[in-house]
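Here is a briefing on the structure shown below.

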Amino acid sequence: MPSPAFDTVLIANRGEIAVRVIRTLRARGIASVAVYHAVDAGAPHVLAADRAIELESADPRAAYLDVDLVIAAAQKSGAHAIHPGYGFLSEQARFARACEQAGLVFIGPRPETLEALGNKKRARQAARDAGLPVAPGWEGTPVGKDGAPTKEAIAAANQLGYPLLLKAVMGGGGKGMREVRSAAELPDALAGTAREALASFGDGAVYMERRLEPVRHVEVQFFGDGEGGVAHLFERECSLQRRHQKVIEEAPAARMNTALRKRLTDAAKAIARHVKYRGAGTAEFLVDGNDEAYFLEVNARLQVEHPVTEWVTGLDLVGLQLDVALGRGLPKDLERAAPYGHAIEARLYAEDPAHDFLPQSGPIAALTLPSGPGVRVDSGVREGGAIGMDFDPMIAKLSVWGEDRAQAVARLQAALAETQVAGVVTNLPFLRALARDPEFVAGRTVTSHIETSMAPKWRAGRKAQPAGPLLAAAAAIALAEAPAALAATGAGDDGVQAAATPWSTLGAFRLGGDHAG
Amino acid sequence: MRVDGKALEEPAPLPPHRWSAGGRLVLTIEGREVEAIVLRAGAGRYEVWIDSERHVVEADRAGGGSRGGGGEEDALVAPMPAKVLRLEVAAGSAVELGQTLLVLESMKMELGITSPRAGRVERVGAGVVVGAIVPAGTVLIELVPEPDAR
């Protein structure tokens, strides 16, 4: 097969991941083309790219999900390849296929691979074929023509035991997933999950899985050359989650032993080899207290949390994706003997930890991001910008490296203390508490830790706090002087307002464009 | 004045301070300079951000601050811009701890606002009616303790 060559790459994404991909392209001397909807005009990813092409669409989210618009932009710009980032079109087989048909290199797995792994039932089958244990589940037809659960589904649910999980067959990354606590909840939950799945993924198929608890979330980063050659880049642990979405990730896992690492990395490579995987992928597992591991899904793209793997391997994962896409294959000796040190990433989100982590929107009136030894920031917003309601409300990924986990934890605490955001409510105060949580510091967290233990304690402690002297003084000064001061310092009477995006722009929020990993 | 819906005494004297661009307010407290960021949040109302936490600040309403037992009254504020989906109480309603007072909708998600304690609804915030869009920080419900219950 002739090696494809390209010197211009279009990034079919926005925000921090688009900026991240552009950085590698620039370092490689490859020209970058950004795409953007009008609401993102002047955004960091647009300014970072060598060129930018507007995607004209009434709906901002729909613009980044429009295969035809993105392909047309690539052709117009003379790009030879498309990097899809994560979320949006990154795991859409029809997009990968459309790229191929348009003569563009899709920087990711083959369309057939995306089809096989995007369907969770088929992914579970592929995992079983590769000899991997999967979480106990039932993959029959759960809902009859009358809309009620089938007899088989009710019997299977009883056998699996409650609580159990309903998952969209075409879902993934924690989306299209619902917990069912009792048989009485099953009919409504099945109907609701199917409805959401149809709306989010265009397919209402649902299957059932036993809810394993308590477990850790451990995932293996792997690369494939597309011809059966595969390599792993160790594991990441992402047990700290809320709403089935990751908040803090680390590499290597907090508690790992050689035998478990070998089992997990061998399993990830087995499934990658089985599908002759091309590019970067992640195999996700749940690991119980006896180190029993269950395959969850493959994320067929670059993950949000890839920086922690880059920290402990010294590799540029986007660079490796480019190498594979250029037909250069994988470097020899890609696999290392052991991870170098320890890395932790925290996701700074505009969301309210006091109110069930609900997404927030508003102006970024002030933003201070950390730096220093062993500190990395990936961000796609800046001071003066805003977090709207159209997209995932991530502000930045803060990642730190330490010689060991203890140093990484200390650096994370320091980096979070250095970070400041004003204008939009964020999870920053919660992240600071999480970084000091004894269970996290000891590396003993499980996936339920935030929602069952840490967040309720944090909320209770926060409510009990009295207003301090600083707040009382600042409040009194604000009331007495702010009208004049805000006008005099250039903010103007209508200057920096704590106003929200107009309600009329509300779109389908977080509907598939974001992701757990 | 009211901070986060609770009455708070104004400190006197006020500490040394200066303003700079972007609503930055630098105060000297116990010999140390600390920064707050002040943003307008509507007529007579400000957001004061300290260490990345939002506080909503407003002056006492005429007659509103004269009630005794400072800090007992409770104003529940909208945590985010939202639409009022349901309003389940009216002025004068007796409420129990944890009772749902109203339901907001934001970003296609419902958020129930529950009572932080037993008491009586003194008033429903201005403009808080079913179907209304309320900005973050809007006072939704003001509670007072039920005198008989104490």
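Helix H1 of chain A covers residues 15-28, and at 1.5 Å a residue its 14 residues should span 20 Å. Its end C-alpha atoms are 21 Å apart, which agrees. The model is predicted.

- Buried residues in H1(A) include Gly15(A), Glu16(A), Ile17(A), Ala18(A) and Val19(A). Arg20(A), Val21(A), Ile22(A) and Leu25(A) of H1(A) are buried too.
- Gly29(A) follows H1(A), with a positive phi near 75 degrees.

**The parallel sheet of chain A**

- Five strands of chain A make an open sheet in the order S3-S2-S1-S4-S5, with parallel pairing.
- Strands S3 (51-54) and S5 (105-106) of chain A stand at the edges. Each has a single partner strand, so one side of each is left without a neighbour in the sheet.
- Strand S4 of chain A, residues 81-83, runs parallel to S5(A) and is joined to it by 2 bridges. Ala81(A) has Val105(A) in S5(A) as its bridge partner.

**The antiparallel sheet of chain A**

- A 4-stranded open sheet of chain A has the order S6-S9-S7-S8 and antiparallel pairing.
- Its edge strands are S6 (137-138) and S8 (175-180) of chain A, and each pairs on one side only.
- Strand S7 of chain A, residues 164-172, is antiparallel to S8(A), with 5 bridges joining the two. Leu166(A) stands opposite Arg178(A) in S8(A).
- Helix H9 of chain A, residues 186-201, lies across S7, S8 and S9 (206-210) of chain A. The angle between H9(A) and S8(A) is about 175 degrees.
- In general, strands of a sheet pair through backbone hydrogen bonds, either parallel or antiparallel.

**Helix packing: H13 and H14 of chain A**

- Helix H13 (residues 405-418) and helix H14 (residues 428-435) of chain A pack at an angle of about 155 degrees, their axes 9 Å apart.
- Angles over 145 degrees count as roughly antiparallel, so H13(A) is roughly antiparallel to H14(A).
- The crossing of H13(A) and H14(A) is left-handed.
- H13(A) makes this contact through Val409(A), Leu412(A), Gln413(A), Leu416(A) and Ala417(A). H14(A) contributes Leu428(A), Leu431(A), Arg432(A) and Ala435(A).

**Chain B and its contact with chain A**

- The contact takes 42 residues from chain A and 46 residues from chain B.
- S17 (358-359), S23 (420-422), H14 and H17 (469-488) of chain A each supply at least two residues of the side that touches chain B.
- H17(A) gives the largest share of that side, 14 residues.
- Chain B has 0 helices and 15 strands. Of its 150 residues, 34% count as buried.
- Among chain B contacts between residues at least 6 apart in sequence, 50% join residues at least 24 apart.

**Backbone details**

- Glu213(A) and Pro214(A) are joined by a cis peptide bond, with omega about -5 degrees. Pro214(A) sits in the loop between S9 and S10 (215-225) of chain A.
- The peptide bond from Ala12(B) to Pro13(B) is also cis, with omega near -5 degrees. Pro13(B) is in the loop between S2 (6-7) and S3 (17-20) of chain B.
- Arg243(A) has a positive phi near 50 degrees. Its place is the loop between S11 (230-242) and S12 (245-251) of chain A. With 15 other C-beta atoms within 10 Å, Arg243(A) is partly exposed.
- Phe357(A) has a positive phi near 60 degrees. It lies in the loop between S16 (351-352) and S17 of chain A. Phe357(A) is partly exposed, with 19 other C-beta atoms within 10 Å.

Note on methods
Residues numbered from 1 in each chain as written. Chains lettered and ligands numbered in written order. Predicted model: local features only at pLDDT ≥ 70, side-chain atom pairs only at ≥ 80, totals over all residues. Expected span 1.5 Å × (residues − 1). Buried ≥ 20, exposed ≤ 12 C-beta atoms within 10 Å, placed from the backbone. Pairing = 2+ DSSP bridges. Contact = placed C-beta atoms within 7 Å. Axes fitted to C-alpha atoms, helices over the stretch in contact; angles between N-to-C directions. Parallel < 35°, antiparallel > 145°, perpendicular 65-115°, else oblique. Left-handed = near helix turned anticlockwise from the far one by under 90°.
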